[in-house]
Amino acid sequence: MTAWVIGSSSVYSQAVSKQFELAGHSVTQMGRANLQYGATPRAQLERRETPDFVFININAEDTAYHSTDKRALPSHIDWCSYSRVLDFKHLLYEYLYEINREVSVCEVTSSITQWPYKFPNIMPYSIMRSASQTIGATHSDKLNIFSVCPNGISDELSQQYAELTYNLMRNKPEWGIYNLASGGERI
């Protein structure tokens, strides 16, 4: 079996890759060094082995939100930059559906979208995460896709969160956001 890890540079992504390797899966790591998030996924991925699992940990929100203003406004989002990442994810999910309808897809997200009123100072971040979650949900009727939220992640928790993530991907849960800080419980 084959796993793709897209957004592979973090300690957490590396730990997820290791979980797949320990289980005997072939792992292809991709990220900024060998993947253009603003380009069409098909042309970049069609020569790679068809995946059974896809783990996505693209942290584009931090680079698309620039503001020195104390007010958190949606206009502070670099929509031109961020929309390319959203387009990439949408086209990636369509491509995955064409090549393997049984693929298990896990995208790293944030639970802030469930209670943005608690963090009004970072509303643009919540808006961007919501947009990404909407793209995943849009494809959840065709693909086994879900999101994980690694609340409070640290280098020390990366291994534990990677094990939970791998187990969730193997068990193919229904669409939703799963909180790794609470043992993988659905939010």
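Ser154 is partly exposed, since its relative accessible area is 25%; that label covers values between buried (under 20% relative accessible area) and exposed (over 50%), using a 1.4 Å probe and protein chains only. You'll find Ser154 in the loop between β5 and α6. Ser154 and Ser130 sit 24 residues apart in sequence and 23 Å apart in space, C-alpha to C-alpha.

A quick word on the model: it is predicted, so local features need pLDDT of at least 70 and side-chain atom pairs count only at pLDDT 80 or more, while totals for chains, interfaces and linings use all residues. Residues are numbered from 1 along each chain as its sequence is written, and side-chain values use heavy atoms, with hydrogens and water left out.

Helices (H or I, at least four residues) and strands (E, at least two) are DSSP runs, numbered from the N terminus. Asn144 belongs to strand β5, and Asn144 counts as buried because its relative accessibility is 16%. Its side chain reaches the backbone oxygen of Pro173 at 2.8 Å. Setting aside neighbours within four places in sequence, Asn144 is in contact (heavy atoms within 4.5 Å) with Val103, Ser104, Val105, Lys172 and Pro173.

Now for two of the helices. The expected span in the table is 1.5 Å times one less than the number of residues.

| Helix | Number of residues | First to last C-alpha | Expected span |
|---|---|---|---|
| α1 | 12 residues | 16 Å | 16 Å |
| α5 | 16 residues | 22 Å | 22 Å |

Helix α1 has several buried residues, among them Tyr12, Val16 and Phe20. What covers the buried residues of α1 includes strands β1, β2, β3, β4 and β5, along with helix α6. Just after α1, Gly24 takes a positive phi of about 90 degrees.

Helix α5 has buried residues too, including Pro124, Tyr125, Met128 and Ile135.

Definitions and conventions. Polar contact = N/O pair within 3.5 Å; in protein donor to acceptor, adjacent residues only side chain to side chain.
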